[in-house]
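Hi,

Here is the structure I promised to pass on.

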Amino acid sequence: MTSTTAVSVAPTLHAGETIRRSDRRLGIVMLAPALLYIALLVAVPFLLALFLSLTNSSAGSLEFSFVGLQNFENVIASPVFRRALRNTFVFTFVSQLAVIVLGNVLARALMKSFHGKAIARFLILLPWAAPISLATLGWLWIFDSTFSVINWLLKVAGWLGPGQWYYWLGDPTLGMVAVIMIHVWRMLPFSTVILLAGLTSIPNEVREASAIDGAGLFSRIFRIEIPMMKPLLTVAVLFGVVFTFTDMSVVYLLTRGGPYNSTHVLASLAFQEGVLGGDVGRGAAVAIFLVPVLVVLAIFMLRTSRRAEVV
Amino acid sequence: MAAALSPVRRTAAVVVHRATILFFIAFAIFPFYWMVVTSFKQNADLYVGATNVAHNPFLFNIPPTLDHLRILFGQTLYLTWLRNTLFVGLVVVGITLLLAVPAGYSLARLTGRWGERLSIGIFMTYLVPSTLLFIPFSRLVSLMQLQNSLWSLVLIYPTFTVPFCTWLLMGFFKSLPREVEESAMVDGCSRVGAIWRMVLPLSVPGLLTVVIFALTLVIQEFVYSLTFISSVQRMTVSVGVPVALVRGDVYYWGSLMAACLITSIPIAVVYNFFLDRFIAGFTVGAIK
């Protein structure tokens, strides 16, 4: 606005220092639309979800009445829900464990320079960029009951004898294996790139010094590198967990929660009850069970970011 | 160090390394390879059944065909879905830029300490999943009479593009030297004028990143689109292909896989060029 004050104040201005009043006002004006949008379309719906879970509202009408915790009681009493709750944790835990172990191996392999590294990196990253619904469709075809190429390979390898067959999506255990496999396939590139950033941020001198001091490969990895890249490891795990824990596309497209509702997760069950079944209150109650875990993750994340700022 | 290893062990290390890389590449691209093979195989070659050990499904046992592509482009609504997706994508990108550019700049330069806290809060909203919000949104959408309209997606998609893009842009603006605006303001520009004339032209790479991400996030989105769009003509590509290309219990796997391939590969290629910036967005603060 007034350029004279800008001249006098600007040169001394850097982070953490007082900001001119006109700038502060401009800052609020520029921030307001985004904040307002987020408040109206994230915060309000979030509260509305909590509210709806306490009502008997249904898709057909806008009328409803309060039912207290009835939805939650019904939901917890249902074996399908308990199975979905367990599945959500099993899928998330197993797939993220695999992703972190494999991601460390892969990131380490990608650290070295070799011919065609750029192409290798590009190909390895493909699964993360492809739209999840379409990628899952590709896997649906790979796991097909009659034409599964995996079964063909197992047959050729002699693993499946005559008359033996895997119905990947028709068997609860195999269905869970299939879902976990897709989550690993999708999240591995994401974690690998983050872990790679962590590995490259460790100065070479540290590695050399540990070699001079006689540290073996394992003590170097577990005593030096993993502690040094802990913040990034945390980031990879936290986001991996969030993306897997809240996903419904994989289960919805691969198994529709079947066979016999054995592979549902919280998100797909909420969709089935709240949208397909039209019982909005019950669907909301199922989805609310995502919240405690997300809150815990958010707190972890805040802590990581704060610690990183202090150091 | 490396010289101390015997040649045999060094060769072994190289072999293990290459084998590891190849294994991971195979795992990553197998579904895409499978899409390619399926898209161009004749049905007689496609639907043989995995019990037939003599028939190798990895290869073209009969010459390839373009029939599945012809069906996809000629007899399905695939192009309509692409158009719908592009429409939603472009409008959402516009809205995202309008909201996220000023907000990102404000958080980077004008709000000081509380802006830093607020920016983390904004980033956190990216964690509120669509699978929690689609139920209240379905109420909101029906209240606003937007059921089965692409405008419902235009309204809702910025809930995930705006927080993330604001965060990315904030990081980008912070990386520009303050002298950029300050010198312009010394020359008599207002702050807004300095942003318009000096900061934005320098921010083209950052803005481009945001455009790409907003667009790819829109193309990838599945849950909201599945919830709010019911007529086949109005579907986006991520829902139309899995939901409407399947007719009854009959899967047209050739056309289906062609649709998956044609949609996924361009996005994946573009996305890859910008991936490092995207990851940097997630890891801000964790590397120091």
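Let me start with A:Asn261, which counts as buried because it has 20 C-beta neighbours inside 10 Å (buried takes 20 or more other C-beta atoms within 10 Å of the residue's own, exposed 12 or fewer, partly exposed anything in between, with C-beta atoms placed from the backbone). A:Asn261 also has a positive phi of about 55° although it is not a glycine.

Some housekeeping before the rest: this is a predicted model, where local features need pLDDT of at least 70 and side-chain atom pairs count only at pLDDT 80 or more, while totals for chains, interfaces and linings use all residues. Residues are numbered from 1 along each chain as its sequence is written, and chains are lettered from A and ligands numbered from 1 in the order in which they are written.

A:Asn261 sits in the loop between α12 and α13 of chain A (helices are DSSP runs of H or I with at least four residues, strands are runs of E with at least two, and both are numbered from the N terminus). That loop, between α12 (249-254) and α13 (266-276), also holds A:Pro259. The peptide bond leading from A:Gly258 into A:Pro259 is cis, with omega near -5°.

Over in chain B, B:Gln145 is another non-glycine with a positive phi, about 60°. You'll find B:Gln145 in the loop between α6 (130-143) and α7 (150-156) of chain B. Is B:Gln145 buried or exposed? Exposed, because B:Gln145 has 10 other C-beta atoms within 10 Å. As background, most residues other than glycine have a negative phi, and most peptide bonds are trans.

**Where the chains meet**

The interface involves 88 residues of chain A in contact with 86 residues of chain B (contact means that the C-beta atoms, placed from the backbone, lie within 7 Å). On the chain A side, helix α2 (residues 21-52) gives the most, with 17 residues. That side divides into 68 nonpolar, 15 polar and five charged residues (Ala, Val, Leu, Ile, Met, Phe, Trp, Tyr, Cys and Pro count as nonpolar, Asp, Glu, Lys and Arg as charged, and the others, Gly among them, as polar).

Helix α14 (residues 280-288) of chain A packs on α6(B) at an angle of about 160°, with axes 9 Å apart (axes are lines fitted to C-alpha atoms, for helices over the stretch in contact, and angles run from 0 to 180 degrees between N-to-C directions). The crossing of α14(A) and α6(B) is left-handed (the near helix is turned anticlockwise from the far one by less than a right angle; clockwise would be right-handed). A:Val280, A:Gly283, A:Ala284 and A:Ala287 of α14(A) meet B:Thr131, B:Leu132 and B:Ile135 of α6(B). By class, that contact has five nonpolar, two polar and no charged residues.

**The core**

A:Ala287 turns up again in the largest nonpolar core: of its 161 residues, A:Leu254, A:Leu266 and A:Ala287 touch the most other members (a nonpolar core is a set of buried Ala, Val, Leu, Ile, Met, Phe, Trp, Tyr and Cys residues joined through C-beta atoms within 7 Å). The largest share of this core, 15 residues, comes from α8(A). Not counting residues up to four places away in sequence, A:Ala287 touches A:Ala49, A:Leu266, A:Ala270, B:Thr131, B:Leu132 and B:Ile135.

**Helix α8(A) and its partner**

Helix α8 (residues 172-201) of chain A and helix α11 (residues 230-245) of chain A have axes that come within 9 Å and cross at roughly 160°. That makes α8(A) roughly antiparallel to α11(A), and α8(A) passes α11(A) in a right-handed crossing. Residues making the contact include A:Met187, A:Phe190 and A:Ile194 of α8(A) and A:Leu233, A:Ala236 and A:Phe243 of α11(A). The contact of α8(A) with α11(A) comes to 10 nonpolar, five polar and no charged residues.

**One last residue**

A:Leu106, in helix α4 (residues 79-111) of chain A, is buried, with 25 other C-beta atoms within 10 Å. Leaving aside neighbours within four places in sequence, A:Leu106 is in contact with A:Ile124, A:Thr192 and B:Phe24.

Cheers

Key. Parallel < 35°, antiparallel > 145°, perpendicular 65-115°, else oblique. Contact = placed C-beta atoms within 7 Å.
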